[in-house]
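Here is a short report on ring pairs and a sheet. Look at the structure first, then read on.

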Amino acid sequence: MPLSRPGQVARRLAVVALLLAAAVGCGDAGGLEGAGSTPTAEGPARLWPELTPASSPAFEIGEVNTEVVKGVKVPGDDIRRVDPVSIVRAEIDGNPGDYDGAKAPYRDTKREMADCAKGPGHGKCPVLRPYYRDLTGDGHDDLTLGFPLLPGKTTAVRVYTVEKHRLVQVMGWEDALSGVELAGRSLVIRSPSEVAGYEYRLQWTWDRDQRAMLLTHDEMLRTGPRKHSRHPSASSSTGSPTGSPTGSPTGSPTDSATDSATGSPTGSATGSPATSPPVSPSASGG
């Protein structure tokens, strides 16, 4: 016959008493030990609540950077059939102030485009090897492209997709690079910082509502060993990251006919920006 609720309580109390007696008899072996005082949890404190919330940004940073690439066709809507050199030439032609003339900031990039007859990554051609991966989630490859902005030390990084039979740039950034990675549906760019022992890491992730790669994570991270164990690392985020990529990318570069014909959106790369030396003008040659 099942015990009534009072009977169950009494039985449980008796069992607890026996266990306590056994613990006392065994001395301190296996007993609980104090871990010391616990810091008091502090919730976020809102500062200056009397300020009126801003309704518009103070600075234009180009969060949504999309543009149809004019003059470049996409045969069969297959981005792999588009010549990466022609894409860079289209950008150069569309921005003469940046590339034309002896005083143009990126004049040497246009001059070295004459050495691109054999394609990206050959000779002095500034167009780096293209990488292909489905970043938009539509089941088709997208293109990640880079080229140094000469004679300076920055490199342009672009991402392109195909929409309505047109080539569309969905992400653009220029910076000094220490590494570039593809991770899932994200592109991660690492750049040196003026603070010794730290680097910047910026992550762009495809946003289907904006139809663009948005800057979803912006960090300043320590790269060298810590001098003091209690010294916190500097970190700032512009949004919720979709993941913290740590491995090398699996997007496939196409520097051969075999890669171009057989590569898949998540195929294994034969070389990766994450494991190769930092991209620089001197490393753009094949």
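Is Tyr106 buried, partly exposed or exposed? Tyr106 is partly exposed, with a relative accessible area of 23%. Buried means under 20% relative accessible area, exposed over 50%, and partly exposed in between (1.4 Å probe, protein chains only).

This is a predicted model: local features need pLDDT of at least 70, side-chain atom pairs count only at pLDDT 80 or more, and totals for chains, interfaces and linings use all residues. Residues are numbered from 1 along each chain as its sequence is written, and side-chain values use heavy atoms, leaving out hydrogens and water.

**Aromatic pairs**

The whole structure holds 2 aromatic pairs. Rings of Phe, Tyr and Trp (its six-membered ring) pair if their centres lie within 6.5 Å; planes under 30 degrees apart count as stacked, over 60 as edge-to-face and the rest as tilted.

| Pair | Centre to centre | Angle between planes | Class |
|---|---|---|---|
| Tyr99 and Tyr106 | 5.6 Å | 55 degrees | tilted |
| Trp173 and Trp204 | 5.2 Å | 55 degrees | tilted |

Trp173 lies in strand β5 (residues 166–175) and Trp204 in strand β8 (residues 198–207), 31 residues apart. Strands here are DSSP runs (E, at least two residues), numbered from the N terminus. Trp173 is partly exposed at 27% relative accessibility, whereas Trp204 is buried at 5%. Tyr99 is buried too, at 4%.

**The sheet**

Strand β8 also belongs to an open antiparallel sheet of 4 strands, ordered β6-β7-β8-β9. Two strands pair if DSSP finds at least two bridges between them. β6 (179–183) and β9 (212–222) each have a single partner strand, so one side of each lacks a neighbour in the sheet. β6 joins β7 (residues 186–192) through 5 bridges.
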